[in-house]
Amino acid sequence: KQEVTQIPAALSVPEGENLVLNCSFTDSAIYNLQWFRQDPGKGLTSLLLIQSSQREQTSGRLNASLDKSSGRSTLYIAASQPGDSATYLCAVHGSGNTGKLIFGQGTTLQVKP
Amino acid sequence: DAMVIQNPRYQVTQFGKPVTLSCSQTLNHNVMYWYQQKSSQAPKLLFHYYDKDFNNEADTPDNFQSRRPNTSFCFLDIRSPGLGDAAMYLCATSRDSSPPTFGSGTRLTVV
């Protein structure tokens, strides 16, 4: 059974710092991996999608990497801003005919001005 | 814009009183999902519809049911809400195994 773990559960950094969020999964047979952002009390916003054949994806200040063989992904945020404060969730999509996702519990990020 | 719409955004229900949450989509996706997310926890899949076929997750309580009257709409019914059912309920859709599109969620409070 696939399990997804995110470390740390919470992170507080001063504005401007570069930071890395970690995600690990137990079954390397994944179709893709997504990183989402969730603001308090809100739904999910997709940030980056990495296909199983890819090593990384970039969008602006965000870079996500995937090492399928070791069951790890990282989300790198460059030059953090207070507006980046949110919970970041990673989710893996296993094989099958649907887009079912298994989520980690998230890392709650606070960026202090 | 094509999207996934959940109504209402906030729902307050009484302990034990049946409640229905709704989800609609304009994407013409064939798969619709319901996830439950309790405070500070990972979203957890309750069930999904592949076309008209209902697929329940093994550990979804019997208290949770779903209906999909047509391609566009899907409902989550909680027959007898308990305090432990207070959560954010997220609806999502996809075309087969494509990445899902999520709605904004409904936050359910049980009093």
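I began with the one link I wanted to see by eye: Lys100(A) forms a salt bridge with Glu57(B), and the closest N and O atoms are 3.3 Å apart. I count a salt bridge when a side-chain nitrogen of Lys or Arg is within 4 Å of a carboxyl oxygen of Asp or Glu. Between chain A and chain B the count is 1 salt bridge.

Ground rules. The model is predicted, so I ask pLDDT of at least 70 for local features and 80 or more for side-chain atom pairs, while totals for chains, interfaces and linings use all residues. Residues are numbered from 1 along each chain as written, chains are lettered from A and ligands numbered from 1 in the order written, and side-chain values use heavy atoms, with hydrogens and water left out.

**Interface**

I looked up polar contacts across the two chains. There are 7 residue pairs between chain A and chain B, both at pLDDT 80 or more. A polar contact is a pair of N or O atoms within 3.5 Å; within protein, one must be able to donate a hydrogen and the other to accept it, and residues adjacent in sequence count only if both atoms are side-chain atoms.

Which strands of chain A supply at least two residues each to the side that touches chain B? They are S4 (30-38), S5 (44-51) and S9 (86-94). Strands here are DSSP runs (E, at least two residues), numbered from the N terminus. S4(A) gives the largest share, 5 residues. By class, this side of chain A has 7 nonpolar, 12 polar and 2 charged residues. I take Ala, Val, Leu, Ile, Met, Phe, Trp, Tyr, Cys and Pro as nonpolar, Asp, Glu, Lys and Arg as charged, and the others, Gly among them, as polar.

In total, 21 residues of chain A are in contact (heavy atoms within 4.5 Å) with 25 residues of chain B. The buried area is about 1,600 Å², and carbon and sulfur atoms give 58% of that. This is the accessible area (1.4 Å probe) that the two parts lose on being put together, summed over both.

**Pockets**

I turned to the open spaces. A pocket is an open set of points on a 1 Å grid over the protein atoms alone, where a 1.4 Å probe fits, with protein on both sides within 12 Å along at least five of seven lines; lining residues have an atom within 4 Å of a point. Points are joined across faces, edges and corners, and the volume is the space filled by probe spheres set on them.

The largest pocket holds about 840 Å³. Its lining has 31 residues, with Lys1(A), Gln2(A), Leu101(A), Ile102(A) and Leu45(B) nearest the centre. I sorted the lining into 13 nonpolar, 10 polar and 8 charged residues.

The second largest pocket holds about 390 Å³. It is lined by 20 residues, and Gln38(A), Thr87(A), Thr108(A), Gln37(B) and Ser40(B) are closest to its centre. S9(A) gives the most to this lining, 3 residues.

**Local checks**

Asn63(A) is in strand S7 (residues 62-67) of chain A. Its side chain makes a polar contact with the side chain of Glu56(A), at 2.8 Å.

I found a cis peptide bond between Ile7(A) and Pro8(A), with omega about 0 degrees. Another joins Asn7(B) and Pro8(B), with omega about -10 degrees. Pro8(B) is in the loop between S1 (4-7) and S2 (10-13) of chain B.

Last, Ala79(A) has a positive phi of about 45 degrees, although it is not a glycine.

Key
Helices (H or I, at least four residues) and strands (E, at least two) are DSSP runs, numbered from the N terminus.
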